[in-house]
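The sequence and the model are shown first.

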Amino acid sequence: MRIPAPLSSARSVLRHDAAGAGSDRPHWAARAEDVKNRVVGSTLRRLRWDLRLQPFHGYGSETQARVLAKVLYASPRTSADFHDQPVHDMRTVAVRGWRNFTSQVAPHRTVHIRLGGEEFTVRADRSGIVDATLEVSLSPGVHQAVLWTVPGNEVTADVTIVPPEARVGMVSDIDDTVMVTWLPRPLLAFWNAFVVHQSSRQVVPGMPMLYQRLAREHPHMPVFYLSTGAWNVFPVLKRFLYRNGYPDGPLLLTDWGPTHTGFFRSGPEHKTRSLERLAAAYPDVRWILVGDDGQHDPSLYAAFAERHPELVESILIRQLTEPEQLLAHGTLRPLVGSSPGGRGPLALAAPNGHGLLAALQRHERMPR
């Protein structure tokens, strides 16, 4: 069994709660959360609760793969494959989003991974997240990594290996880009994350069709969904994308809660780091960056394009409607223009997927 390089190496993820630490002493909120996890975890172990793994969708190249999962406690009545159900199996969908936030994480647990005929041993971080980059030889396509903590609780995690001939990729925001959430307002964010039934979430008109057209135009195009949403809602988001006809692909989410430096992780920093990591992993890919003007997407994408103009194919911004702008910000904001700063890669804006497709066709980036 191989042990991958230490998590502090360049081959592993530099998580914000470790990389951003300015001293050896974490923020008091992080210390309080660690105490809570130890106390609750000890109680659950006395009650004979078991460890379960929630797998996420990873990605990689022909020489290395990023495997993602979360280690949780579960009651003895919970089947070992509870988190290992097909995305189309609607019987496994949580009725309310809040149920995804009631589980207890198991920090710093040892996890075994089998992928590409090799076995690796890694450790979860203080949030129970397994985030490991493994050096392994794999052919292009979707592979299944097998993960377990002890024999009998194995689960499988999809790992998409991008073909070397891919020259165009897509990175898409989720909230208010592929589905309507009005996330920036705290009350509405709470309502959408914790209360609203999955079937009540609204799709942004024309966006699934736009993504499918882009996928047909670029057959080898990998699709990544980049969001500041928490890993807790991964199953709900994955099924929403499946039900509404979006191309399949890894979700790059983050954690809610304290870090070594403060109460919450920085959403813009998470997106910036994720974009830079994709750029480093696929240096020959030019990216279509899709987002909305309700948060930081226009400025983040423009900054990325300024740093890497050769790596940006186009920037597509979904413009929020006036009611959405009011709900998101409490006031009307000027909508993004046709290009960030008036220069750089092609940047287009429209209220929905139909308008963005028409704009791409006007600029001859998409056949009519």
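The model is a predicted one. Ser172 is part of strand E9. Its side chain makes a polar contact of 2.6 Å with the side chain of Tyr211.

Apart from neighbours within four places in sequence, the residues in contact with Ser172 are Thr177, Val178, Tyr211, Phe224, Tyr225, Leu226 and Val290. Tyr211 is itself one of the buried residues of helix H4.

## Helix H4

Helix H4 spans residues 207-217, and its buried residues are Met207, Pro208, Leu210, Tyr211, Arg213 and Leu214. An α-helix has 3.6 residues a turn, so residues three or four places apart point the same way. The cover over the buried residues of H4 includes strands E9 (168-172), E11 (202-203) and E12 (223-230), together with E14, E15 and helix H9.

The axes of H4 and H9 cross at roughly 35 degrees and come within 7 Å. On the H4 side the contact involves Met207, Met209, Leu210, Arg213 and Leu214, and on the H9 side Gly353, His354, Leu356, Leu357, Leu360 and Gln361. By class, the residues of this contact are seven nonpolar, three polar and one charged.

## The six-stranded sheet

Strand E9 also belongs to an open sheet of six strands with parallel pairing, in the order E13-E12-E9-E14-E15-E16. Its edges are strand E13 (251-254) and strand E16 (346-350), each of which pairs on one side only. From one strand to the next the twist averages 15 degrees. Helix H9 (residues 353-362) packs on this sheet, where it touches E15 and E16, and its direction makes about 145 degrees with that of E16.

Within the sheet, strand E14 (residues 286-292) pairs with strand E15 (residues 312-318) in the parallel sense over six bridges. Trp287 stands opposite Val312 in E15. Strands of a sheet pair through backbone hydrogen bonds, either parallel or antiparallel.

Leaving aside neighbours within four places in sequence, Ala350 is in contact with Ile317, Arg318, Gln319, Gly355 and Leu356. Leu356 also takes part in the contact of H9 with H4. The C-alpha atoms of Ala350 and Leu316 are 8.1 Å apart, although 34 residues separate the two along the chain.

Strand E4 (residues 110-115) and strand E5 (residues 118-123) run antiparallel and are joined by six bridges. Val111 stands opposite Val122 in E5. The hairpin of E4 and E5 has two residues between the strands, and Gly116 in this hairpin takes a positive phi near 60 degrees.

## The chain as a whole

The chain contains nine helices and 16 strands. It has 368 residues, of which 53% count as buried. Its accessible surface comes to about 16,700 Å², with 56% belonging to carbon and sulfur atoms.

Among contacts between residues at least 6 apart in sequence, 72% join residues at least 24 apart.

Notes
Residues numbered from 1 in each chain as written. Predicted model: local features only at pLDDT ≥ 70, side-chain atom pairs only at ≥ 80, totals over all residues. Heavy atoms only, no water. Pairing = 2+ DSSP bridges. Helix = DSSP H or I, 4+ residues; strand = E, 2+ residues; numbered from the N terminus. Axes fitted to C-alpha atoms, helices over the stretch in contact; angles between N-to-C directions. Contact = heavy atoms within 4.5 Å. Buried < 20%, exposed > 50% of the residue type's maximum accessible area, 1.4 Å probe, protein only. Areas by Shrake-Rupley, 256 points an atom, 1.4 Å probe, with all protein chains shown as cover. Polar contact = N/O pair within 3.5 Å; in protein donor to acceptor, adjacent residues only side chain to side chain. Nonpolar A, V, L, I, M, F, W, Y, C, P; charged D, E, K, R; others polar.
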